[in-house]
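This briefing covers strand pairing, the nonpolar core, aromatic pairs and a few residues picked out for their backbone angles. The sequence and the structure come first, and the notes follow by topic.

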Amino acid sequence: ALRMSRAGNVQFDMAPTGGSSQSWALSARTDGTFRITNDSDGSIDLKIDGDGAITQARQPSFIAKLTTSQDNVTGNTILFRSDNAANSQWSIIENRGSGFANGKFTAPVAGLYQFNLVVNLEGLTSSNTYGNLLFYTDGPVGNISMTSENFWAQSYTGSGNLLIRWSMLVELDANDYGYFGGYVYYGSQVVDLRPGTFFSGHLVA
């Protein structure tokens, strides 16, 4: 059906026959935007404004920052893991698609996802001469090494602080997960995962 509202908006409504009750609308609005709207719940799934900027309100994406430290984690296996921190230990700034929970992202749909990390480590000492950080996933590419290096050779403060930044495009199937973690070798093997740690990701294609 093609209809024109009183406000002058032009809208084309589509509803599939059989099976699904979900319906969609394509509309050109008087505010200069073009929209694809889910008529079932009224949400705007895609909007193009007058300048050509495209927003997708339900595209899977998340932004979270750690608010509670994981202090004095020890050992030479996985010392710290983002999924050891419950939701209460994160400030979840955005979570479209509800894929992020308790420090771990689970892909709601298959696709290519861009992940970004800022990992804030403290409590390192001169005895921690080697460390390894990984992005753990059961996706097609498996676990991904973020950094493997002589930690003490890095430039960090006298308090033993080290910031590690990482980003990568990762292929995930639906329900595949991703979280980050790592460990240090030698010496006391004690490290703190501190606030100032950020974890974000979004579906690219």
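In this predicted model, the side chain of R35 is in polar contact with the side chain of T33, at 3.2 Å. R35 belongs to strand 4. Its relative accessible area is 15%, and since buried means under 20%, R35 is classed as buried.

- Not counting residues up to four places away in sequence, R35 touches A25, L26, S27, R29, I44, L46 and K47.
- Strand 4 (residues 34-38) runs antiparallel to strand 3 (residues 24-28), and 5 bridges join the two.
- On that side, F34 of strand 4 is the bridge partner of A28.
- Strand 4 also runs antiparallel to strand 5 (residues 43-48), again with 5 bridges.
- On this second side, F34 stands opposite I48 in strand 5.

**Hairpin glycines**

- The hairpin of strand 3 and strand 4 has 5 residues between the strands, and in this hairpin G32 takes a positive phi near 90°.
- The hairpin of strand 4 and strand 5 has 4 residues between the strands, and here G42 has a positive phi near 80°.

**The largest nonpolar core**

- The largest nonpolar core is made up of 36 residues.
- Inside this core, the residues with the most contacts are F80, F115, V119, L121, F135, F180 and F199.
- At least two residues of the core come from each of strand 7 (61-66), strand 13 (111-122), strand 14 (130-137), strand 15 (144-149), strand 16 (162-172), strand 17 (177-185), strand 18 (190-193) and strand 19 (198-203).
- F115 is in contact with F62, F105, F135, W166, S167, M168, V170, L172, F199, S200 and G201, leaving aside its neighbours within four places in sequence.

**Partners of strand 13**

- Strand 13 pairs with strand 16 in the antiparallel sense over 11 bridges, and Q114 stands opposite L169 in strand 16.
- Strand 13 pairs with strand 19, also in the antiparallel sense, over 6 bridges.
- In this pairing F115 stands opposite G201 in strand 19, and G201 is also listed among the contacts of F115.
- With strand 18, strand 13 forms an antiparallel pairing over 2 bridges, where L121 stands opposite L193.

**Aromatic residues**

- The structure holds 19 aromatic pairs.
- The rings of Y177 and Y179 have centres 5.9 Å apart and planes at 20°; planes under 30 degrees apart count as stacked, so this pair is stacked.
- Y177 is partly exposed at a relative accessible area of 27%, whereas Y179 is buried at 9%.
- The rings of Y183 and Y185 have centres 5.2 Å apart and planes at 70°; an angle over 60 degrees counts as edge-to-face, so that is the class of this pair.
- Y183 counts as buried at 14% relative accessibility, and Y185 is partly exposed with a relative accessible area of 25%.
- K104 lies over the face of Y177, 5.0 Å from the ring centre.
- One aromatic cluster is formed by F62, W90, F100, F105, Y113, F115, F135, W166, F180 and F199.
- Among the members of that cluster, F115, F135, F180 and F199 are also listed with the most contacts inside the largest nonpolar core.

- N102 is not a glycine, yet has a positive phi of about 50°.
- N102 is found in the loop between strand 11 (100-101) and strand 12 (104-106).
- The relative accessible area of N102 is 36%; exposed means over 50% and buried under 20%, so N102 is classed as partly exposed.
- N175, also a residue other than glycine, has a positive phi near 75°.
- N175 is found in the loop between strand 16 and strand 17.
- With a relative accessible area of 57%, N175 is exposed, because the cut-off for that class is over 50%.

Conventions
Residues are numbered from 1 along each chain as its sequence is written. Side-chain values use heavy atoms; hydrogens and water are left out. Two strands pair if DSSP finds at least two bridges between them. A nonpolar core is a set of buried Ala, Val, Leu, Ile, Met, Phe, Trp, Tyr and Cys residues joined through side-chain atoms within 4.5 Å. Buried means under 20% relative accessible area, exposed over 50%, partly exposed in between (1.4 Å probe, protein chains only). Contact means heavy atoms within 4.5 Å. Rings of Phe, Tyr and Trp (its six-membered ring) pair if their centres lie within 6.5 Å; planes under 30 degrees apart count as stacked, over 60 as edge-to-face and the rest as tilted. A charge sits over a ring if NZ of Lys or CZ of Arg is within 6 Å of the ring centre and within 35 degrees of the ring normal. A polar contact is a pair of N or O atoms within 3.5 Å; within protein, one must be able to donate a hydrogen and the other to accept it, and residues adjacent in sequence count only if both atoms are side-chain atoms.
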